[in-house]
Amino acid sequence: LKSPYSGGHVEVIVGPMFSGKSEELIRRVTRAVIARQRVAVFKPALDDRYHASHVASHAGRTAEALAVPDAQAIRAHLSGEDALLAAPVEAVDVVGIDEAQFFGSDLVPLVLELADAGVRVIVAGLDLDFRAEPFGMMPELLARAESAEKLTAICTVCGAPATRSQRLIGGQPARYDDPVVLVGAQESYEARCRVHHTLRR
Ligand code: ADP
């Protein structure tokens, strides 16, 4: 006989920048908090240090989150090895992860492990990079998730549903080969549809 359903599963929220991924993650997490479920939210730290932080949407909504350097730090945190805010995995019902595309491929086994242990894991991140190529391990997460929601933004050129993130460097479309991190460059991003997403040749 199989053991009873634990409730553990994976939900993925994807789309381009400005599509409301953080908003949707915050919405789901806030509902869980209202239902008195035990929730832990993580996001990648830009530096190497843990710190209490928050997930914020472009529209200004926020939820408390812990910024962590890598997926291993999430595991350490949830296994109670880490003194700051330590919550053992048996003590969480819901784990939220924002900006998931910036974690390495070891995020996938961690997410599956948590779901197997009975945790509802909600993962938000970019499905495509600025070239409109699949972003890191996000395709694998999408394939392995129980549910996946693909959100769209509004194309800044024509108003159509935007599925892509246009990268601009000094106001010009980025080149395919431009490095993902450009030190000192004037960069910005806009939501674009398939027609209006361009790469400079
Ligand atoms: P994501 O996490 O996908 O980047 P956010 O949840 O942070 O998205 O922000 C979504 C919000 O961004 C929208 O509710 C809207 O207020 C704002 N926004 C700004 N530009 C756009 C755009 N081009 N299309 C849609 N929403 C936009």
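**Ligand site**

- Around the ligand there are 15 residues, of which K21, S22, E23, H58 and I154 come nearest; a residue counts as near if one of its heavy atoms lies within 4 Å of the molecule.
- The model is predicted: local features need pLDDT of at least 70, side-chain atom pairs count only at pLDDT 80 or more, and totals for chains, interfaces and linings use all residues. Residues are numbered from 1 along each chain as its sequence is written, and side-chain values use heavy atoms, with hydrogens and water left out.
- An N or O atom in the side chain of K21 is 2.7 Å from an oxygen atom of the ligand.
- S22 places a backbone N or O atom 2.8 Å from a ligand oxygen atom, while E23 has a polar side-chain atom 2.9 Å from an oxygen atom of the ligand.
- The ligand taken alone exposes 590 Å², and the protein buries 74% of that (accessible areas by the Shrake-Rupley method with a 1.4 Å probe; for residues, only the protein chains shown count as cover).

**Domains**

- The chain is assigned domain 1 (9-151) and domain 2 (153-201), with bounds from an automatic or database domain assignment.
- The C-alpha centres of domain 1 and domain 2 lie 25 Å apart.
- Contact, meaning heavy atoms within 4.5 Å, takes 11 residues from domain 1 and 16 residues from domain 2.
- Between domain 1 and domain 2 there are zero salt bridges (a side-chain nitrogen of Lys or Arg within 4 Å of a carboxyl oxygen of Asp or Glu).

Terms used:
Polar contact = N/O pair within 3.5 Å; in protein donor to acceptor, adjacent residues only side chain to side chain.
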